[in-house]
Amino acid sequence: MDIGAQTSLNRQLKRRATPASKRMNTDLESTIIFDNVSKFYGEILGVNRVNLVIPPGITSLVGPNGAGKTTLMNLMTGLLRPTRGGVTVVGIPTDQPEELFRRVGYCSQFDSFPRGLTGREFISSFLSVSGIPKKQAEDWTEMALERVDLLPAGDRKIGAYSKGMRQRVRLAQAIAHQPSVLILDEPLNGLDPMVRAETIALFRQLAAEGMHLIISSHILHEVDMMSDRVVLLNNGYVVAEGGIHGVRDEMDVEHPMQILIRCDHPSLLAARMFRTDEVVEARMHDDRHGLFVKTRNPDRFYLLLNEVVAQGEINVESVAPVDDDLSAVYEYLIGTQ
Amino acid sequence: MSSTAETIQPGTATRRESSWSLWLRQILAIMRLEVKKNFLGKRAVLIYLLALMPIGLLALIAIVKPADRDWIDFVQYPKLFSVIYNTLILRTVIFFGCAWIFMNLFRGEIVDRSLHYYFLSALRRDVLITGKYFSGLVTAVVLFTTVTVLSMFLTFFPHFFSASTRFFLDGAGLGQLFTYAGITILACIGYGAFFLVVGLFFRNPIIPALSLYGWEWINFLLPPLLKKVSVIHYLNSLVPVPLSEGPIAVAVEPTPAWISVPGLLIVTALVLLAASRRIRRMEIRYGGD
């Protein structure tokens, strides 16, 4: 990342990284709280000064490799201990696994399993390890296998599963004990497009049932499709967090919103628009039937556009923002590294 | 994905009950998983080979009787077995067998990258230590007590069947058999706790294991106080047929059973307590391991 981008990131940080302790107006029992959390692996930075309050719904952790996504997830589940600060998940400190994992399920990225078990044995065994009585464990195992469409393969050894099936059996294991918080590290890896779509639908259904879902992914359009909010990470820092459009709106000063207007007289429209202060840049589309406009105040811009259209000189076919999505936010804040 | 499955209600898993009955159920669940793995997993092959070593050797001796004087005189047999037990079974088979079984309880799972499934269960980590330890203990006790008993029978019966029958039914044989079995169980308890901790604390457990092996072997040379900082000293104090440790050995009175047995159990409990403290702070970073 260049120095300019880094400076920009730091500014973003200062603006958004308000200490979690100051934002505790949200219910402690229903949120995941990172309070000034840092994690170092020796001298190597994992994450630094993370302050987050994650409410229910689907939250995606997004960032390049090494950004700190998995570290954050491992901190949330007590697989790692913070060097500084503290993490609580729905009010439970992460060093109390006996309480934490009654409420939390974690589908990690480790594609490995205890040796010699079938899918059904794998899920029911670890339900029993959690203290679930045998009959209930068997019932919940069936439900979990059914939810991920693995019932027919339940009695096969996991060693004989395909990568996608292994991913699904891990997902089944993570949801089998009916947690209220589900943490998923790259859960769509290895799934074919059909199963991917079904899995996203399952995530939405779980979120609709009131579950917290924390998902890490590097496939931006899928994150865009399923997330209520995103946490953008880079080099161990939280670069931005919030609803995707909210984050985009906050970036208007440094990265004006780009809008494509399809119309019959784009040069006339450009001339009209430049009479106002709202447009900072206008560029003709390659096919000369559209105009890209950059504005720092989209709401005001749309009002002006209405006025221009009302004058009857220009016929507008469509108006659409072109960088009001996660990919653009990612590109602006993190860049293509 | 199925949409027909019953809707999962978050949080319904929480059900309070007596902690002890919950922990007991969790320990039994861990033991079911681990004992099966210990006996049937690929890593069990080495244990079976170790266990077969004295049995194979004694079976061979049963077929080809040595011409040595000791093997001709039945009176020498209890002493003969004591030597076999002390050098081959206790110091080799049980020591290395326990090292392999107990170190792999955690180290093996770290190598396989599957320990996190336990850490992600609603389970106190000290309960995990207890469950794993007892699963290792069950495996070691079943295997090595069987080896001890079979080895004793294979030493006595093939050469002097009727004398051996009398020795076991009317003489001291049965008492000695139970004592050796008891020493085997105590050895599994003591060495097991040590090796479980070694597997938790050390990335390369071979060096501490070999260090203990050396320490146990030079025990006869150590001054009386240092002798007591070992497992073998207490086990040797219990053997029914004491052996001479040689002319250069530092002579010391055997520790009475009423001290050595509870002493070993107390030290084992302390070692497991240290393991419990360690595992509470343990992180899962397979890459770093």
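**Note on the predicted two-chain model**

1. Chain B contains 11 helices and zero strands, where helices (H or I, at least four residues) and strands (E, at least two) are DSSP runs, numbered from the N terminus. Along the sequence, chain B accordingly reads α-α-α-α-α-α-α-α-α-α-α. The C-alpha trace of chain B spans about 80 × 45 × 35 Å along its principal axes.

2. The model is predicted, with local features needing pLDDT of at least 70 and side-chain atom pairs counting only at pLDDT 80 or more, whereas totals for chains, interfaces and linings use all residues. Residues are numbered from 1 along each chain as its sequence is written, and chains are lettered from A and ligands numbered from 1 in the order in which they are written.

3. Within chain B, helix H3 (residues 77–112) and helix H7 (residues 173–201) have axes that come within 8 Å and cross at roughly 30°. Axes here are lines fitted to C-alpha atoms, for helices over the stretch in contact, and angles run from 0 to 180 degrees between N-to-C directions. The angle makes H3(B) roughly parallel to H7(B); angles under 35 degrees count as roughly parallel, over 145 as roughly antiparallel, 65 to 115 as roughly perpendicular and the rest as oblique. The crossing of H3(B) and H7(B) is right-handed, a term used if the near helix is turned clockwise from the far one by less than a right angle, with left-handed for anticlockwise. The contact of H3(B) with H7(B) comprises 19 nonpolar, five polar and one charged residues. In this classification Ala, Val, Leu, Ile, Met, Phe, Trp, Tyr, Cys and Pro count as nonpolar, Asp, Glu, Lys and Arg as charged, and the others, Gly among them, as polar.

4. The contact between the chains takes 38 residues from chain B and 40 residues from chain A; two residues are in contact if their C-beta atoms, placed from the backbone, lie within 7 Å. On the side of chain B that touches chain A, the elements giving two or more residues are helix H1 (19–40) and helix H4 (116–119) of chain B. H1(B) gives the most to that side, with eight residues. By class, this side of chain B has 18 nonpolar, 11 polar and nine charged residues.

5. Chain A is divided into domain 1 (3–242) and domain 2 (253–322), with bounds that come from an automatic or database domain assignment. The centres of domain 1 and domain 2 of chain A, taken over C-alpha atoms, are separated by 41 Å.

6. Chain A has an open sheet of six strands in the order S6-S7-S8-S3-S9-S10, with mixed pairing; two strands pair if DSSP finds at least two bridges between them. Strand S6 (104–107) and strand S10 (237–242) of chain A are the edge strands, each pairing on one side only. Neighbouring strands of this sheet are turned by 15° against each other on average, direction ignored. S6(A) pairs with strand S7 (residues 181–185) of chain A in the parallel sense over four bridges, and A:Tyr106 has A:Ile183 as its bridge partner in S7(A).

7. H6(A) lies across S6 and S7 of chain A and runs at about 170° to S6(A).

8. The axes of helix H4 (residues 119–129) and helix H6 (residues 163–175) of chain A come within 9 Å and cross at roughly 25°. That makes H4(A) roughly parallel to H6(A), and their crossing is right-handed. A:Gly119, A:Phe122, A:Ile123 and A:Phe126 of H4(A) make the contact with A:Val169, A:Ala172 and A:Gln173 of H6(A). The contact of H4(A) with H6(A) has five nonpolar, two polar and no charged residues.

9. A further open sheet of chain A has four strands in the order S12-S13-S11-S14, with antiparallel pairing. Strand S12 (279–284) and strand S14 (316–321) of chain A stand at the edges with a single partner strand each, so one side of each is left without a neighbour in the sheet. Six bridges join strand S11 (residues 257–263) to strand S13 (residues 290–295) of chain A. A:Gln258 has A:Lys294 as its bridge partner in S13(A). Helix H10 (residues 266–273) of chain A packs on the sheet and touches S11, S12 and S13 of chain A, its direction making about 20° with that of S13(A).

10. S12(A) and S13(A) run antiparallel and are joined by five bridges. The bridge partner of A:Met284 in S13(A) is A:Leu291. The hairpin of S12(A) and S13(A) has five residues between the strands, and in this hairpin A:Arg288 takes a positive phi near 60°.
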